[in-house]
Amino acid sequence: MEFLVASGVPERDAQMAMLAASRFTVGSVLEEQADPGPGDDADLPADMPVIDHESAFEAGLALILNGLVHRTGM
């Protein structure tokens, strides 16, 4: 929080960013732990890409951070 506020992020936006990132992280961990592991991809629609947990987490976190940058005009 201190880093974000010192970097010019309004305190309320910094609080919401930290809350969103922590909830996203917890949710991602729960999803990864619930995954039964490699399985039969035949259950997926043919046009649905297979996305691994690490790639999904990195992409989601980037979206959160980019949203914060956009919101604060940094």
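This is a predicted model: local features need pLDDT of at least 70, side-chain atom pairs count only at pLDDT 80 or more; totals for chains, interfaces and linings use all residues.
**Exercise 1.** Describe how helix 2 and helix 3 pack, giving the angle and the distance between their axes, and list the residues through which they meet.

*Solution.* Step 1: two packed helices are described by an axis angle and an axis distance. Step 2: for helix 2 and helix 3 the angle is about 170°, and the axes lie 11 Å apart. Step 3: angles over 145 degrees count as roughly antiparallel, and therefore helix 2 is roughly antiparallel to helix 3. Step 4: on the side of helix 2, the residues in contact are Asp13, Ala17, Ala20, Ala21, Phe24, Thr25, Ser28, Glu31 and Glu32. Helix 3 contributes His53, Ala56, Phe57, Gly60, Leu61, Ile64, Leu68, Arg71 and Thr72. Step 5: sorted by class, this contact has nine nonpolar, five polar and four charged residues.

**Exercise 2.** State the volume of the second largest pocket and identify the element that gives the most to its lining.

*Solution.* Step 1: the volume of the second largest pocket is about 160 Å³. Step 2: its lining consists of Phe24, Gly27, Ser28, Val29, Glu31, Glu32, His53, Glu54, Ala56 and Phe57. Step 3: helix 2 and helix 3 (53-72) are the elements that give two or more residues to this lining. Step 4: helix 2 gives the most, with six residues. Step 5: by class, the lining has four nonpolar, three polar and three charged residues.

**Exercise 3.** Locate arginine 23 and proline 45, and classify the accessibility of arginine 23 and of proline 45.

*Solution.* Step 1: arginine 23 is part of helix 2, whereas proline 45 sits in the loop between helix 2 and helix 3. Step 2: with a relative accessible area of 60%, arginine 23 is exposed, since exposed means over 50%. Step 3: proline 45 has a relative accessible area of 44% and is partly exposed. Step 4: arginine 23 and leucine 61 are 38 residues apart along the chain, and 11 Å separates their C-alpha atoms. Step 5: for proline 45 and valine 9, 36 residues apart in sequence, the C-alpha to C-alpha distance is 42 Å.

Key:
Residues are numbered from 1 along each chain as its sequence is written. Side-chain values use heavy atoms; hydrogens and water are left out. On a 1 Å grid over the protein atoms alone, a cavity is a set of points where a 1.4 Å probe fits but cannot get out, and a pocket is an open set with protein on both sides within 12 Å along at least five of seven lines; lining residues have an atom within 4 Å of a point. Grid points are joined across faces, edges and corners, and a volume is the space filled by probe spheres set on the points. Helices (H or I, at least four residues) and strands (E, at least two) are DSSP runs, numbered from the N terminus. Ala, Val, Leu, Ile, Met, Phe, Trp, Tyr, Cys and Pro count as nonpolar, Asp, Glu, Lys and Arg as charged, and the others, Gly among them, as polar. Axes are lines fitted to C-alpha atoms, for helices over the stretch in contact, and angles run from 0 to 180 degrees between N-to-C directions. Angles under 35 degrees count as roughly parallel, over 145 as roughly antiparallel, 65 to 115 as roughly perpendicular and the rest as oblique. Contact means heavy atoms within 4.5 Å. Buried means under 20% relative accessible area, exposed over 50%, partly exposed in between (1.4 Å probe, protein chains only).
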